[in-house]
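Please read the following note beside the sequence and the model. It is arranged as numbered points for a reader new to protein structure.

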Amino acid sequence: MMEQLGTTCENESCERPLGDEEPMLVYETEYGERRAYECRCGTVTVTVHRRE
Ligand SMILES: [Zn+2]
């Protein structure tokens with residue numbers, strides 16, 4: 001498992017940084033906050049931000 005430092009597109013041929021994008025969707029689970037980013041290439045990348 002990789003730690004999420006900077007968020008990049010999951011599409012290996014794209015890998016655009018998504019950190020400056022507004023998340024398309026943000027929701028909370030008991031494990032932390034999840035953010036879904038839709039890249040301009042059409043790939044949706046979901047990140048998990050664990051509560052410290
Ligand atoms: Zn992309």
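The points below go from the model as a whole to its sheet and then to single residues.

1. Basis of the note. This is a predicted model, in which local features need pLDDT of at least 70 and side-chain atom pairs count only at pLDDT 80 or more, while totals for chains, interfaces and linings use all residues. Residues are numbered from 1 along each chain as its sequence is written.

2. Elements. The protein has 3 strands and 0 helices, and its elements run β-β-β from the N terminus on. Both kinds of element are DSSP runs numbered from the N terminus: helices are H or I with at least four residues, and strands are E with at least two.

3. Overall dimensions. Along the principal axes, the C-alpha atoms fill a box of roughly 30 × 20 × 15 Å.

4. Burial and contacts. Of the 52 residues in the protein, 8% are buried. A residue is called buried if 20 or more other C-beta atoms lie within 10 Å of its own, exposed if 12 or fewer do, and partly exposed in between, with C-beta atoms placed from the backbone. Among contacts between residues at least 6 apart in sequence, 29% join residues at least 24 apart; two residues are in contact if their C-beta atoms, placed from the backbone, lie within 7 Å.

5. The sheet. In what order do the strands of the open sheet stand? The order is β1-β2-β3, with antiparallel pairing. β1 (25–29) and β3 (44–50) are at the edges with a single partner strand each, so one side of each has no neighbour in the sheet. From one strand to the next, the twist averages 20 degrees; axes here are lines fitted to C-alpha atoms (for helices over the stretch in contact), and angles run from 0 to 180 degrees between N-to-C directions.

6. β1 and β2. Two strands pair if DSSP finds at least two bridges between them. β1 and β2 (residues 32–38) run antiparallel and are joined by 5 bridges, and a hairpin links the two strands through 2 residues. T29 stands opposite G32 in β2, while L25 has A36 in β2 as its bridge partner. β1 is hardly covered, since the count of buried residues among its 5 residues is 0.

7. β2 and β3. These strands pair in the antiparallel sense over 7 bridges. A36 has V46 in β3 as a bridge partner. A36 is also the bridge partner of L25.

8. V48. This residue lies in strand β3. V48 counts as exposed because 11 other C-beta atoms are within 10 Å. V48 touches Y31, G32 and R34, not counting residues up to four places away in sequence. The C-alpha atoms of V48 and R34 are separated by 4.5 Å, although the two residues are 14 residues apart along the chain.

9. Two positive phi values. Most residues other than glycine have a negative phi. E15, in the segment before β1, is a residue other than glycine with a positive phi near 55 degrees; E15 counts as exposed because it has 12 C-beta neighbours inside 10 Å. G42 is placed in the loop between β2 and β3. In that hairpin, which has 5 residues between the strands, G42 takes a positive phi near 100 degrees. Is G42 buried or exposed? G42 counts as exposed because it has 9 C-beta neighbours inside 10 Å.
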